[in-house]
Amino acid sequence: MDNATCVETSAAQYSTQFRFEEHAVTNFSYQVGGRAEIVSLNLGEDKSIGKPLNKTEYDFYETAVKSLPCNLQDYIPCYRGVVEIKNGKPATLQRLRTKRKGCYIVLEDVTSTFKKPSIMDLKMGTRQYSDTMSPEKIARKKKRSLMTTSNELGVRVAGIRSYNSTESCGHYHMDKMQGRELTTDSIQSAFRMFFFDGNEIHVAAIERILQKLRNIIELIKLCDSVRLYCCSLLLVYESDKTAKLNYKTDIRIIDFAEFQTQSGDGVRYDGPDEGFLRGLESLVRLLGNLVDVGNVKTKDKIMKIEEEEEEEGEEEDDEDGEKS
């Protein structure tokens, strides 16, 4: 199902818990990946986002997600139902790429608890197609995977938006097209730039994310027959050093439009998703490299500060000697 079909789906087919006039919907400013445009929805105290309804993803959140290990569900956005966005007069709202009217899946906004969220969207897995796609689309997806880091590493950068004081706009950006140009060697620099704020690498944030990645790996190994084709992994960390939430991190598995548990022939898959696991293991290795580099730089910085302090102390001693 394409995006246009998703947003035009009749609300009568689904259990819509909320209804919005179009003017109550705003742009979601932290989207860094994905084709379907995400919108921000005001549900009172709960910050939520809406994405055009796809039936497979709807079925995942309604039923399939409940069959996953409970602890793995902690790494999946909280599902809040379906909304129907009716016709309205947007007036002063910024123009969206997609039509507003139609049904949207409502999910928690995982960035809402961050003051200055740095966000990275990663397309996961070695296989980027499902059996429900057309032969032509499958061929395109296979070719793209072979030409990018997805084939060997099981992970590809789909988008980055991170705070960086050395950038003219204050942010470091990378879009999906730039992510496709990365090689198995150059992808390391993309992760370095994501965690680099213009002064240092956020080692503490990386270490927290690594711990969560290792937890996810063990949980995915328990998911027999589950195939997370075309799913993404969202990495978020707090960039505001003045906030008490410093080094707060979050990881979520998102985009379940191609989720499967059986092949197109109806044969149930056996074992966990090895392609997705390869992507997770590649991430652990890539981020582990950053921790090593970051710790070395931190150690060097500490040694430099100590040397400068020692030199200042010697200069003060010399001055005191001259005065005496």
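How many cavities of 30 Å³ or more does a search of the whole structure find? The search finds one. The model is a predicted one, so to speak of local features takes a pLDDT of at least 70, side-chain atom pairs count only at pLDDT 80 or more, and totals for chains, interfaces and linings use all residues. Residues are numbered from 1 along each chain as its sequence is written, and side-chain values use heavy atoms, with hydrogens and water left out.

A cavity here is a set of points, on a 1 Å grid over the protein atoms alone, where a 1.4 Å probe fits but cannot get out; lining residues have an atom within 4 Å of a point. Points are joined across faces, edges and corners, and the volume is the space filled by probe spheres set on them. The largest cavity comes out at about 40 Å³. Its lining is made up of Leu-68, Leu-72, Ile-76, Ile-220, Cys-223, Val-226, Leu-228, Ile-253 and Phe-256. These split into nine nonpolar, no polar and no charged residues (Ala, Val, Leu, Ile, Met, Phe, Trp, Tyr, Cys and Pro count as nonpolar, Asp, Glu, Lys and Arg as charged, the others, Gly among them, as polar).

Next comes the sheet. Five strands make an open, antiparallel sheet in the order S9-S8-S7-S10-S11 (strands are DSSP E runs of at least two residues, helices H or I runs of at least four, numbered from the N terminus; two strands pair if DSSP finds at least two bridges between them). Strands S9 (171-174) and S11 (249-254) sit at the edges, each pairing on one side only. From one strand to the next, the twist averages 15 degrees (axes are lines fitted to C-alpha atoms, for helices over the stretch in contact, and angles between N-to-C directions run from 0 to 180 degrees). Helix H7 (residues 187-195) packs on the sheet, touching S7, S8, S9 and S10 (232-238), with its direction at about 25 degrees to that of S8 (contact means heavy atoms within 4.5 Å). Helix H8 (residues 203-220) lies across S10 and S11, at about 35 degrees to S11. Within the sheet, six bridges join S7 (residues 117-124) to the antiparallel S8 (residues 155-163).

Notes. On a 1 Å grid over the protein atoms alone, a cavity is a set of points where a 1.4 Å probe fits but cannot get out, and a pocket is an open set with protein on both sides within 12 Å along at least five of seven lines; lining residues have an atom within 4 Å of a point.
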